[in-house]
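Dear colleague,

Please find the structure below, handed over for your records. My notes on its aromatic rings and its core follow.

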Amino acid sequence: MSEQEVQEESKGQKGGGQTDEDLTTISEEIYEKLKLLNYEKEMLSHKGFKPITKAYFAVSLNPNEQFTYFKTLAKFLLSLNEVQTGDLAKYDDPMSVSGKI
């Protein structure tokens with residue numbers, strides 16, 4: 001396979017072989033499921049976050065803000081199943097936070 005063919009084949013793909021369209025579709029599905037869980041009323045009103053867009057996690061615009069949102073969202077979803085997550089401090093290392101989640 002020529003170098004040009006390899007570049008054309010990988011165009012639009014992210015790590016793991018997923019395309020931008022795949023990531024957007026997954027993000028839209030997550031968004032719809034969150035709406036079913038009434039996250040806007042249950043989480044946003046208590047935490048002061050703005051509602052996410054359908055492609056919020058598919059596009060990396062502000063990784064720090066997105067990670068904070070992800071961390072809060074994960075904690076909210078786990079609390080729906082009465083799972084306690086230890087304290088997730090604002091300045092904790094992302095790997096540490098991921099491990100706690």
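Ring pairs join Phe49, Tyr56, Phe57 and Tyr69 into a cluster; rings of Phe, Tyr and Trp (its six-membered ring) pair if their centres lie within 6.5 Å, with planes under 30 degrees apart counted as stacked, over 60 as edge-to-face and the rest as tilted. The model is a predicted one, in which local features need pLDDT of at least 70 and side-chain atom pairs count only at pLDDT 80 or more, while totals for chains, interfaces and linings use all residues. Residues are numbered from 1 along each chain as its sequence is written, and side-chain values use heavy atoms, leaving out hydrogens and water.

The structure holds five aromatic pairs. One of them, Tyr56 with Phe57, is edge-to-face, at 4.9 Å centre to centre and 80 degrees between the planes. Phe57 and Tyr69 have ring centres 6.3 Å apart and planes at 70 degrees, so this pair is edge-to-face. The latter pair links distant parts of the chain, twelve residues apart: Phe57 lies in the loop between H3 and H4, and Tyr69 in helix H4 (helices are DSSP runs of H or I, at least four residues, numbered from the N terminus).

Tyr69 is buried at 3% relative accessibility, and Tyr56 is buried at 14%, whereas Phe57 is partly exposed at 33% (buried means under 20% relative accessible area, exposed over 50%, partly exposed in between, with a 1.4 Å probe and protein chains only).

The largest nonpolar core has ten residues, including Tyr56, Tyr69 and Leu34; such a core is a set of buried Ala, Val, Leu, Ile, Met, Phe, Trp, Tyr and Cys residues joined through side-chain atoms within 4.5 Å.

Technical notes: Helices (H or I, at least four residues) and strands (E, at least two) are DSSP runs, numbered from the N terminus.
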